Amino acid sequence: MSEEPAAGPKESPRGPREVWKKGGRLLSVLLAVNVLLLACTLVSGGAFNKVAVYDTDVFALLTTMMLLAALWIGFYLLRTARCPDAVPYRDAHAGPIWLRGGLVLFGICTLVMDVFKTGYYSSFFECQSAIKILHPLTQAVFVIVQTYFLWVSAKDCVHVHLDLTRCGLMFTLSTNLANWMAAVVDESVHQARSHSNASHARLAPDPERVGSQAGGDCPCATTVCQIFEQGYFYLYPFNIEYSLFASTMLYVMWKNVGRLLASSTHGHGHGHTPSRVSLFRETFFVGPVLGLMLLLVGLAVFVIYEVQVSGDGGHTQQALVIYYSFNIACLGLMTLVSLSGSVIYRFDRRAMDHHKNPTRTLDVALLMGAALGQYAISYYSIVAVVVGIPRDTLGALNLAHALLVIAQHTFQNVFIIESLHRGPPGAEPHDAPPKEPCLTFANPDALHTLPTCPPTPRLVGPQEAMAIMLAPRAHWRRRCLKDISLFLLLGNIILWIMPAFGARPHFSNKVEVDFYGYSLWAAIVNICLPFGIFYRMHAVSSLLEVYVLA
């Protein structure tokens, strides 16, 4: 649906707003870019000990940004509550229930992480700045306020204070991206220093990042302090996903500011509305069963890998063989299943949905953009294995794994994007012939006066006969697509769990480290891997939507 106002008496007051819409968007984008660049500079500078940017500076900036964003959210909620005409339309595609549910889940885990962080920094309050305790407390308040805001307002198409709303949404989005960058950098530094300590017998600095600005040591000596430290580092993946989920929902809200929808779709948006989610209904149960088996086996492999790699024994080679073998099998199955789904769509007669949908456009852009992270790591690995001198079993497994990662991302993206552009079940193709008119009775009671007679066969047209014959096949295709969606969904979950919770075969496998050097390879992995982790979780949400629409 076009955003141009409909002709009529309401055109004149909305005309200037439509003319300034691009200028207002440009202003808000420039604000977000400048805020984000400032945050990126401080976060990246604070990650290195040789740079005179302390972690307290980063915490102060993030705390200020979260407080300002929370104040704006409060202003927005009060304004829309007092002005009923502020939101004349609501976009049905924005903020689906599974996206908001995932936001709530990750938000709860982020709150637990903030509790662990507060307890960790409170363990040695005497040699710490108060901002390190204030930061997690402020983040907890920000998460609560923002989660409520996105739950109740994700579908809003605001039509008052357009420029202020756009700037506020973009500033809040920048705050989430700044929190995401801080979490990714902190986790990457922790991983790198832990690996450096294990590999070089503590030649690297102490992994505790606290107390750097004070110049003194703040040892985490007590058992409670160590539990808090390990706890909040393990909860970082949930905080990262929360920030990205919130950013995607805020972007859709920003796109919907000032958007005009048809009166017939008032409160619903344009296009089809997904049906009620009923898990495992109308499936062959093959996809869910195989997916659950893959998930359980993957969890076992992940535990074995972590135990053997972190242990003192020389079982790293065996752990890598098990890890790569499982991933090769998993990626191979997911590639074949994605291909089969695309083949099924070749026989699907449903019409393509070409209506304007900011949520779907963003989903496609995120899928394509986030996949670049894994593409980059895979191509670097391929070059290292092919050009490198050692050619052993581990190198062959690494090469096969890199090639399958590229193939799986490609074919899965093709399947998901095509699925999101399909119409709802029962949608007629554009070239379908018009249906023939049928007889109706104005007086149904007159039917009882007609003499009863046995039904007689009747002749049907070729189009009607074809529809009757194709109906069972269409139902069979829908069930296959639902099985494929659930299998890929569960496969992406286990492929998200492994790297999100610390599996780093990129460093345990010495092929790339020896070929590129540790510093360059660590930079490549730490920059690209967060995008790959986000891709898996975003693919899960997209596949859930594919399951509903199938």
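Let's start with Arg90, a residue that is partly exposed, with a relative accessible area of 29%. Keep in mind as you look around that this is a predicted model. Arg90 has a partner: its side chain meets that of Asp156 in a salt bridge, at 2.5 Å from N to O. Arg90 sits in strand β1 (residues 89–90) and Asp156 in strand β2 (residues 156–157), so the pair links distant parts of the chain, 66 residues apart. Asp156 counts as buried, because its relative accessibility of 5% is under 20%.

Why can such partners form? Side chains of opposite charge can pair when their charged atoms come close. The count of salt bridges here comes to three.

Another one joins Asp163 and Arg166, at 3.6 Å from N to O. Both residues lie in helix α5 (residues 162–200), three residues apart, or about one turn of the helix. Asp163 is partly exposed at 26% relative accessibility, while Arg166 is buried at 1%.

Next, find Arg346 and Glu418, whose closest N and O atoms are 2.4 Å apart in a salt bridge. Arg346 lies in the loop between α9 (316–345) and α10 (358–387) and Glu418 in helix α11, so this pair ties together parts that are 72 residues apart in sequence. Arg346 is exposed at 54% relative accessibility, whereas Glu418 is buried at 12%.

Now stay with helix α11 (residues 393–420): its axis and that of helix α15 (residues 518–549) come within 10 Å and cross at roughly 35°. The crossing is left-handed. Among the residues that meet are Phe415 and Ile416 in α11, and Leu543 and Val546 in α15. The residues of this contact divide into seven nonpolar, six polar and two charged.

Conventions:
Residues numbered from 1 in each chain as written. Predicted model: local features only at pLDDT ≥ 70, side-chain atom pairs only at ≥ 80, totals over all residues. Heavy atoms only, no water. Axes fitted to C-alpha atoms, helices over the stretch in contact; angles between N-to-C directions. Helix = DSSP H or I, 4+ residues; strand = E, 2+ residues; numbered from the N terminus. Left-handed = near helix turned anticlockwise from the far one by under 90°. Contact = heavy atoms within 4.5 Å. Nonpolar A, V, L, I, M, F, W, Y, C, P; charged D, E, K, R; others polar. Salt bridge = Lys/Arg side-chain N within 4 Å of Asp/Glu carboxyl O. Buried < 20%, exposed > 50% of the residue type's maximum accessible area, 1.4 Å probe, protein only.
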